[in-house]
Amino acid sequence: MFGIVNLYKPAGWSSRDALNRVERLVRPAKAGHAGTLDPIAEGVLVVCLGPATRLIEYVQQMPKEYRATFLLGRRSASDDVESDVEEIAGAAIPTREEIEAVVPHFIGTISQAPPTFSAVKVDGKRAYKLARRGTAVELAPRKVEIYRLEIERHQYPELVLSMQCSSGTYVRSVGRDMAAALGTSAVMSALTRTAIGAFRVENSVDPRRLDAERLRASTLSPLTALGQLPRATLSDEQLFEVRRGGLLRVESLGLEKLDARPLAALDAAGNLVAILKEARPGLLKPSPNFLQTE
């Protein structure tokens, strides 16, 4: 059990609920997801199986794509409809042209404060837990990347946006801050994660119809978690060295130098055996090493 499943998390489910469906089918193997979706959200939830749980960090680094629906002229403590929503009397009603004019200010590297109701930790406690108790929470802004931001539909009060962004981006905050730039407020009423890297919603698997046979048929190679990482095929001698946890010389792989990225090491059949990282100049160590049992 060593692979990746592109799961579809239904709205109303927690990410844990969706993962539980997979865990029941793979026990005693492990399973873990690469990026939580709030219960209001649906869409792509990448699940790593068995040793592939050690590749979660690589999936988390992939760009994410979303389609989000906002209601303008409304506000809530959570910036979405999961908490009490207040309709603002006399709120400004922006035109599509006015919205289009602020969109460029939210593309590229932007500073963004996470929502008060978020999983960000404050003094070791989740912000949303503190907020639910009525504790005042102030979260520091952070830098995120918005690669693409488009208006799909605008029919007041609804505004539907599609975007591609970096890990760590809060979609609720994008709508909240755009609305503020337009002199109003907004709450998110729906969210679909349409892609994480090459994992797209149209190819995802519904956990409500998942059984052992469907899971096997839907399990992808662990290499799909590694995106565009460079790859190197190892010789039998190099595989022996990796199995014992030894170091490999860069030149032995036919490389003159490395870039900043690790290497995906494969056997002759194209199976992932390790991720090679620079231990010291000219020498690579396998980490994680899938030829060694934990």
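This is a predicted model: local features need pLDDT of at least 70, side-chain atom pairs count only at pLDDT 80 or more; totals for chains, interfaces and linings use all residues.
Next, select helix α7 itself, residues 236–243. Which of its residues are buried? They are Gln238, Leu239 and Val242. These three cover an arc of only 100 degrees around the axis, which puts them on the same side of α7. Turn to the other side of α7, where Asp236, Glu237 and Phe240 are exposed.

Now display what covers the buried residues of α7: the cover includes β14 (231–233), β15 (248–249), β17 (272–280) and β18 (283–289).

Proceed to the largest nonpolar core, which has 28 residues. Select Leu149, Leu161, Val171 and Met178, the residues with the most contacts inside this core. Then colour the elements that each supply at least two of its residues: β4 (64–72), α3 (96–102), β10 (142–155), β11 (158–165), α5 (171–181) and β12. In soluble globular proteins, nonpolar side chains tend to be buried together.

Centre the view on Val171. Leaving aside residues up to four places away in sequence, Val171 touches Tyr66, Ala68, Phe70, Met163, Met188 and Leu191.

The last stop is Thr194, in strand β12 (residues 186–196). Is Thr194 buried or exposed? Its relative accessibility is 10%, so Thr194 counts as buried, the cut-off being under 20%. Show its surroundings: apart from residues up to four places away in sequence, Thr194 touches Val44, Glu65, Tyr66, Arg67, Phe199, Arg200 and Val201.

Note on methods
Residues are numbered from 1 along each chain as its sequence is written. Side-chain values use heavy atoms; hydrogens and water are left out. Buried means under 20% relative accessible area, exposed over 50%, partly exposed in between (1.4 Å probe, protein chains only). Helices (H or I, at least four residues) and strands (E, at least two) are DSSP runs, numbered from the N terminus. The arc is that of the directions from the helix axis to the C-beta atoms. Contact means heavy atoms within 4.5 Å. A nonpolar core is a set of buried Ala, Val, Leu, Ile, Met, Phe, Trp, Tyr and Cys residues joined through side-chain atoms within 4.5 Å.
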